[in-house]
Amino acid sequence: MGEYDDVCVLVPTYNEAETIEEVVTGMQGEGFDDVLVVDGHSTDGTRELASDAGATVITQTEGGRGSGKGQAVRDGVAYTTKPIVLMLDGDGTYLPEDAHRMLEPILEGRADHVVGDRFANMERGAMPRLNQFGNSMINHGFNAIHGQHLGDILSGYRAFTRASFFEMNLSADGFGIETEMAVEARRNDHRIQVVDITYVSRPDASESNLRPFRDGGVILLTLYLRAKTHNPLFYFGSVGGVLTLAGTLIGVFVLYDWFVNRVPHEVLAPAGGFIFILGAQFLIFGVLADLLVSLHEEQRQRLERIAREEIGTTDGDAKTPVQTTFDDHGPHARDVDATESADDDARSSDHDPNATADAVDN
């Protein structure tokens, strides 16, 4: 058996005819026999080229490019039966030789989810400055919300166990899938490790499917909405903070204009007060929601600890026969009682010869 027999290389694609063959053969050259290409209904011959290169090719279940990368990833993980998935884009920007370091933490049992950090060794010009700025904002936002710096949560080079993937609640259709995976891995307390990788430029004839403003906005919105269940204090507190600040500024302006210019603001003053109170309510609700999430997390950890202890107890007593029938009136119970009575009589006869004689006479 090969070293990577338990690994499926998952490559979501859309119109990657310029690079897909090189990606497939490159992964095969590194010892990966199971390369699965999930195509989003390409029109440039991507599927045919991938198949000719030796990959297994399926078409994602929902139609057209609009269904996006997220659906392709979910379809691919559902299709494969391998316990480990190595995911990378089909645009040729990731090096096949980095796959070994990506899989090492999982194969050694040290991680459930591995993220490849493109910024560790990025080729000059491989990522436009606008994209770099957007990535930096999103990574800092993730760190602020979830308290963990993963280096590059938008990286398309990932390795994860299939079991951990099914513990995630993923709904993004497009490029927001990477953000969701990072958030869900953090929420489910998966062991996450970051591995330095090399990121190279796309070939000149290859066109990126990423639209910075539209996709970047969707990713930021996904990150913010996901904070609702993991860090509600940030989710509600950010809105409450903005509203409270706005109400305070309006109040300061109203008071200044009244004391300095004697100008009353019959409409602006109540509006400012309403905005301030609304913001304060958001802040209070954020604190309460954060308390509920903390209690829920504490309870979940307690139940998991009890479950682990019960499993350990069961494993420790596996060699000791235990009674699994609790019906005292069943036939099994009667057999047990009869056997125990016979044993008791036998033990009594060993110590009482007269009892033995009486038993023979009877």
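Analyst: Glu21 has a relative accessible area of 41% and is partly exposed. The model is a predicted one. Glu21 lies in helix 1, which covers residues 20-29.

User: Why is Glu21 called partly exposed?

Analyst: A residue is buried under 20% relative accessible area and exposed over 50%, with partly exposed in between. The value for Glu21 is 41%, so the term is partly exposed. Glu21 also belongs to a negative surface patch, together with Glu18, Asp44, Glu48 and Asp52.

User: What makes this patch of Glu18, Glu21, Asp44, Glu48 and Asp52 negative?

Analyst: Asp and Glu count as negative. The patch is formed by Glu18, Glu21, Asp44, Glu48 and Asp52, so it is called negative because of these residue types.

User: Which residues form a nonpolar patch on the surface?

Analyst: Leu255, Tyr256, Trp258, Phe259 and Val260 form it, and together they have about 560 Å² of accessible area. Val260 is placed in helix 9, residues 232-261.

User: How do you know that Val260 counts as partly exposed?

Analyst: Its relative accessibility is 48%. Exposed would require over 50% and buried under 20%, so Val260 falls in between.

User: Why is the pair of Tyr94 and Tyr157 called tilted?

Analyst: The whole structure contains six aromatic pairs. In the pair of Tyr94 and Tyr157, the ring centres are 5.1 Å apart and the planes stand at 55°. Centres must lie within 6.5 Å for a pair; planes under 30 degrees apart would be stacked and over 60 edge-to-face, so the angle of 55° leaves the term tilted. This pair links distant parts of the chain, 63 residues apart: Tyr94 is in the loop between strand 4 (84-87) and helix 4 (99-107), and Tyr157 in the loop between helix 5 (129-146) and strand 6 (158-161). Both Tyr94 and Tyr157 are buried. Ring pairs also link Tyr94 and Tyr157 with Tyr199 into a cluster.

User: What makes the pair of Phe165 and Phe166 edge-to-face?

Analyst: The angle between the planes is 80°, and the distance is 6.0 Å centre to centre. Since 80° is over 60, the pair is edge-to-face, and 6.0 Å is within the 6.5 Å limit. Phe165 has a relative accessible area of 5% and is therefore buried.

User: Why does the salt bridge of Lys69 with Asp89 tie together parts that are apart in sequence?

Analyst: The closest N and O atoms of Lys69 and Asp89 are 2.7 Å apart. Lys69 lies in helix 3 (residues 68-79) and Asp89 in the loop between strand 4 and helix 4, so the bridge joins parts 20 residues apart in sequence. Lys69 and Asp89 are both buried. A network of salt bridges links Lys69, Asp89 and Glu178. The structure holds 10 salt bridges.

User: What makes the pair of Arg110 and Glu104 a salt bridge?

Analyst: The closest N and O atoms are 3.8 Å apart. That distance is within 4 Å, so the pair counts as a salt bridge. Arg110 is partly exposed at 36% relative accessibility, and Glu104 is partly exposed at 35%.

User: Why is the positive phi of Arg262 worth noting, given that Arg262 is not a glycine?

Analyst: Most residues other than glycine have a negative phi. Arg262 is not a glycine, but its phi is positive, about 55°. Arg262 lies in the loop between helix 9 and helix 10 (268-316). With a relative accessible area of 55%, Arg262 is exposed, because that value is over 50%.

Technical notes: Residues numbered from 1 in each chain as written. Predicted model: local features only at pLDDT ≥ 70, side-chain atom pairs only at ≥ 80, totals over all residues. Heavy atoms only, no water. Patch = residues over 30% accessible without salt bridge, like charges linked within 9 Å, V, L, I, M, F, W, Y side chains within 5 Å. Areas by Shrake-Rupley, 256 points an atom, 1.4 Å probe, with all protein chains shown as cover. Salt bridge = Lys/Arg side-chain N within 4 Å of Asp/Glu carboxyl O. Charge placed at Lys NZ, Arg CZ, Asp CG, Glu CD. Helix = DSSP H or I, 4+ residues; strand = E, 2+ residues; numbered from the N terminus. Buried < 20%, exposed > 50% of the residue type's maximum accessible area, 1.4 Å probe, protein only.
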